[in-house]
Amino acid sequence: SSAASTSNLVEVGETRVLRRPIYKYVKYLRTLIGIIAVFVVFSAGISELISITHIPLGIYLIVIACPVFLLEIGFLLKTFCGTDGICCRAFSLVLSFDKIKRGLLYMVFSILCFLDLLGPDVYTRVAGGFLVVTGVFYLIKDREYKTVKTYLNDVNVQPARQQTT
């Protein structure tokens, strides 16, 4: 009976579904950690500027905090402007920089936070850690959904009659 019912199915397209139910919450966690990373990186930059001996590292951290901030507020732009609003057109480069590109950028940004030759303090290493964790979340963003085929029951197909003996 189930074989007869599946033969009436017609493929009508594809849709994207979550690979695991837990991934429903990953986007909120990723956004939260990204926003925290912005504040931690900016604060670490100010801390390094105040320490006077690490002024170049402090400038670097404040400079990278700016693009990280713009990248992390992208979800607000999409929420308030939609996909074709004037904000979205102005920030199209920022909004297109997502998933693997953003993850790799955060990883590259974090490298100088861990180099001993620059003498970073613990707070700078924590900022680098937040950048790495946020980068990993964006690297796996592409794997959250899978594409599955969708089917509809074809009403034009006549069900096969069962022969009685």
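Me: Hi! How many helices and strands does the protein have?
Reply: Hello! This is a predicted model, and in it the protein has eight helices and two strands.

Me: Thanks. What pattern do they follow along the sequence?
Reply: Reading along the sequence, you get α-β-α-α-α-α-α-α-α-β.

Me: Which residues does UniProt list as "transmembrane region"?
Reply: An unreviewed UniProt entry lists residues 28–46, 58–80, 100–117 and 123–140 under that heading.

Me: What does the chain look like over residues 28–46, helix or strand?
Reply: Helix: 100% of that stretch is helix and 0% is strand. Its end C-alpha atoms sit 27 Å apart.

Me: And how much helix is there over residues 100–117?
Reply: There the chain is 83% helix, again with 0% strand. The end C-alpha atoms of residues 100–117 are 29 Å apart.

Me: Switching to the inside. Which residues touch the most other members in the largest nonpolar core?
Reply: Those are Val41, Leu61, Ile64, Tyr106, Phe109 and Leu131, out of 18 residues in that core.

Me: Which elements give two or more residues to this core?
Reply: Four of them do: α2 (23–50), α3 (55–72), α7 (100–114) and α8 (122–139). The largest share is from α3, with seven residues.

Me: Let's zoom in on Leu61. What does Leu61 touch?
Reply: Leaving aside residues up to four places away in sequence, Leu61 touches Val41, Ala44, Gly45, Glu48, Cys113 and Thr124.

Me: Nice. Now the outside: which residues form a nonpolar patch on the surface?
Reply: Ile35, Phe39, Phe75, Leu76 and Phe80 do, and together they have about 510 Å² of accessible area. Two elements, α2 and α4 (74–81), each give two or more residues to the patch.

Me: Which element gives the largest share of the nonpolar patch?
Reply: That would be α4, which contributes three residues.

Me: Where is Leu76, and why does Leu76 count as partly exposed?
Reply: Leu76 lies in helix α4. Its relative accessibility is 35%, so Leu76 counts as partly exposed; that class runs between under 20% for buried and over 50% for exposed.

Me: Last bit, the whole protein. What share of the residues is buried?
Reply: Buried residues account for 28% of the 165 residues. The accessible surface comes to about 10900 Å², and 66% of it belongs to carbon and sulfur atoms.

Me: And what about contacts between residues 24 or more positions apart?
Reply: They make up 73% of the contacts that have a separation of 6 or more.

Terms used
Residues are numbered from 1 along each chain as its sequence is written. This is a predicted model: local features need pLDDT of at least 70, side-chain atom pairs count only at pLDDT 80 or more; totals for chains, interfaces and linings use all residues. Side-chain values use heavy atoms; hydrogens and water are left out. UniProt positions are given in the numbering used here, feature names are shortened, and annotations may be inferred rather than shown by experiment. Helices (H or I, at least four residues) and strands (E, at least two) are DSSP runs, numbered from the N terminus. A nonpolar core is a set of buried Ala, Val, Leu, Ile, Met, Phe, Trp, Tyr and Cys residues joined through side-chain atoms within 4.5 Å. Buried means under 20% relative accessible area, exposed over 50%, partly exposed in between (1.4 Å probe, protein chains only). Contact means heavy atoms within 4.5 Å. Patches are made of residues with over 30% relative accessible area and no salt bridge: like charges are joined within 9 Å, nonpolar side chains (Val, Leu, Ile, Met, Phe, Trp, Tyr) within 5 Å. Accessible areas come from the Shrake-Rupley method with a 1.4 Å probe; for residues, only the protein chains shown count as cover. A salt bridge is a side-chain nitrogen of Lys or Arg within 4 Å of a carboxyl oxygen of Asp or Glu.
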